[in-house]
Amino acid sequence: MIDLYTWTTPNGYKIHIALEEMGLAYTAHPINIGKGDQFEPEFLKISPNNKIPAMVDHDGSNGEDYAIFESGAMLLYLAEKTGQFLPKDPVQRYDTIAWLMFQMGGVGPMLGQAHHFNKYAPEKIDYAIKRYEGESNRLYGVMDKRLGQSEFLAGDEYSIADMATWPWLRSAETQGVNMADYPNVKAWFDKIGERDAVKRGLDVLAEYKSDMSKDKDAMENMFGNTQYEKR
Ligand SMILES: N[C@@H](CCC(=O)N[C@@H](CS)C(=O)NCC(=O)O)C(=O)O
């Protein structure tokens, strides 16, 4: 049994989708990052960077509870635990890890900043918007080329690299991207969106979904001085 601490954001959805795809039993606990739940001492014990997602596996590899944070590490952990969505063949395995790292180091941070400066920033800063929209479009271009060569990001098999990347592309518009300009990405995005496990993953904690950009307290908790208090 896994206790998952999460919220309705792309990094949370990655893990909801992976748990659903892998058929693991879990309970999703809301960490409302707009209300500041991510700074609670109990949560910081398992997620020292005050971010979702994090989880505790009550059936860890040594038979004890195991707590883990950082969505990329969590996906690798779950894939190894279940023997699914991370190929055994060394070349395919490292291709999968490479595309997972591409998401963690590129797609997440850059598309996230484009979204931030377009949607959340209190002032419109042209330099920042141009920089992150440009990077987002460049990354969509990299994925479009790759998906013209192989069915999925890491190769012929659907993998944790796809699960990590897909939720980020749901907000193409606020990233300054027209997905129609990237037809291979669009076909891949639509195909993955049809999977039942993906649909179930998006439903997790759906009752909490709200537009946090309209909530002043949420903006302060996520992007204001609250972030920089020493804990
Ligand atoms: N590298 C981390 C990033 C996690 C992350 O940025 N989570 C966001 C939501 S998508 C969060 O918890 N933000 C709350 C905060 O920064 O206080 C991961 O992939 O797990």
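## The loop between α2 and β3

Pro 53 is found in the loop that runs between α2 (41–46) and β3 (54–57), where helices (H or I, at least four residues) and strands (E, at least two) are DSSP runs, numbered from the N terminus. A cis peptide bond, with omega at about 0°, joins Ile 52 and Pro 53. Asn 50 lies in the loop between α2 and β3 as well, and the phi of Asn 50 is near 45°, which is a positive value in a residue other than glycine.

## The model and its confidence

This is a predicted model, in which local features need pLDDT of at least 70 and side-chain atom pairs count only at pLDDT 80 or more, while totals for chains, interfaces and linings use all residues. Residues are numbered from 1 along each chain as its sequence is written, and side-chain values use heavy atoms, with hydrogens and water left out.

The mean pLDDT of the protein (pLDDT being the predictor's confidence in each residue, from 0 to 100) is 97, and 100% of the residues reach 70 or more. Confidence is lowest in helix α9 (residues 216–223), with a mean of 94, and highest in helix α6 (residues 160–165), at 99.

## The residues around the ligand

## Polar contacts and burial

A polar contact is a pair of N or O atoms within 3.5 Å. A polar side-chain atom of Asn 50 lies 3.3 Å from an oxygen atom of the ligand, and for a polar side-chain atom of Gln 227 the distance to a ligand oxygen atom is 2.5 Å. Taken alone, the ligand exposes 510 Å², of which the protein buries 82%, with accessible areas coming from the Shrake-Rupley method with a 1.4 Å probe.

Note on methods:
Polar contact = N/O pair within 3.5 Å; in protein donor to acceptor, adjacent residues only side chain to side chain.
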